[in-house]
Amino acid sequence: MKVIVKEAHKSDYPNPISFIDGEPLILGHFDTEFIGWIRTITSDGNEGWAPVDYIEMNQCKAKGIAKCNYNAFELDTEINESLEVLSELNEWFLVVNTRGEEGWVPLQTVGIT
């Protein structure tokens with residue numbers, strides 16, 4: 001699916017988290033703006049947001065294990081830029097732009113062409 005940027009997006013996270021399948025994670029609070037995301041600390045000490053669906057949480061929800069590979073890189077976009085949607089998750093699209101750069105953008109910043 002193709003989308004067009006209707007509101008520019010600039011990432012607030014210059015050092016996004018990433019993890020690999022099976023990696024132990026430390027979990028924090030749930031996001032109240034975007035449901036389905038949790039504050040996460042990776043084994044290298046980096047902290048950021050990760051999808052709850054990608055984490056197997058322990059009973060107290062303070063620790064977890066990654067269920068799959070994940071990279072939280074957000075793509076900076078400009079108005080009227082064309083993007084190809086690779087997947088959708090919790091009000092975010094994973095997209096690729098015409099330069100081949102891949103990253104996440106908030107669903108509300110784009111419109112379907």
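A residue counts as buried under 20% relative accessible area, as exposed over 50%, and as partly exposed in between. Keep in mind that what you're looking at is a predicted model. Cys68 has a relative accessible area of 26%, so it lands in the partly exposed class. Cys60, at 58% relative accessibility, counts as exposed.

How many disulfides does the structure hold? The count is zero. As a reminder, a disulfide is a covalent bond between the sulfur atoms of two cysteines.

Strands of a sheet pair through backbone hydrogen bonds, in either a parallel or an antiparallel way. Here, five strands make an open sheet in the order E11-E10-E9-E1-E12, and the pairing is antiparallel. E11 and E12 (110-112) are the edge strands, each pairing on one side only. Going from one strand to the next, the twist averages 45 degrees.

Zoom in on E9 and E10: these strands run antiparallel and are joined by six bridges. Ser87, for instance, has Leu94 in E10 as its bridge partner.

The loop between E9 (82-89) and E10 (92-97) is where you'll find Asn90, and Glu91 lies in that loop too. Asn90 isn't a glycine, yet it has a positive phi of about 50 degrees. Glu91 is also a residue other than glycine with a positive phi, near 70 degrees. With a relative accessible area of 40%, Glu91 is partly exposed.

Now for E4 (residues 37-41). Why is this strand described as largely enclosed by the rest of the structure? Because four of its five residues are buried.

E4 pairs with E3 (residues 24-30) in the antiparallel sense, over three bridges.

Five residues sit between the strands in the hairpin of E4 and E5, where Gly45 has a positive phi near 90 degrees.

## The aromatic cluster

A pair of aromatic rings is described by the distance of the centres and the angle of the planes. This model comes to seven aromatic pairs. Take Tyr54 and Tyr70, which form an edge-to-face pair with 5.7 Å centre to centre and 75 degrees between the planes. This pair links distant parts of the chain, 16 residues apart: Tyr54 is in the loop between E5 (47-51) and E6 (55-57), and Tyr70 is in E8 (residues 70-71). Buried or exposed, how do they score? Tyr54 counts as partly exposed at 21% relative accessibility, while Tyr70 counts as buried at 7%.

Tyr70 also pairs with Trp104, this time in a tilted arrangement at 6.2 Å centre to centre and 50 degrees between the planes. Since Tyr70 lies in E8 and Trp104 in E11 (residues 102-106), the pair ties together parts that are 34 residues apart in sequence. Both Tyr70 and Trp104 are buried.

Which residues do the ring pairs link into a cluster? They are Phe19, Phe34, Trp37, Tyr54, Tyr70, Trp92 and Trp104.

Key:
Residues are numbered from 1 along each chain as its sequence is written. This is a predicted model: local features need pLDDT of at least 70, side-chain atom pairs count only at pLDDT 80 or more; totals for chains, interfaces and linings use all residues. Side-chain values use heavy atoms; hydrogens and water are left out. Helices (H or I, at least four residues) and strands (E, at least two) are DSSP runs, numbered from the N terminus. Buried means under 20% relative accessible area, exposed over 50%, partly exposed in between (1.4 Å probe, protein chains only). Rings of Phe, Tyr and Trp (its six-membered ring) pair if their centres lie within 6.5 Å; planes under 30 degrees apart count as stacked, over 60 as edge-to-face and the rest as tilted. Two strands pair if DSSP finds at least two bridges between them. Axes are lines fitted to C-alpha atoms, for helices over the stretch in contact, and angles run from 0 to 180 degrees between N-to-C directions. A disulfide is a pair of cysteine sulfur atoms within 2.5 Å.
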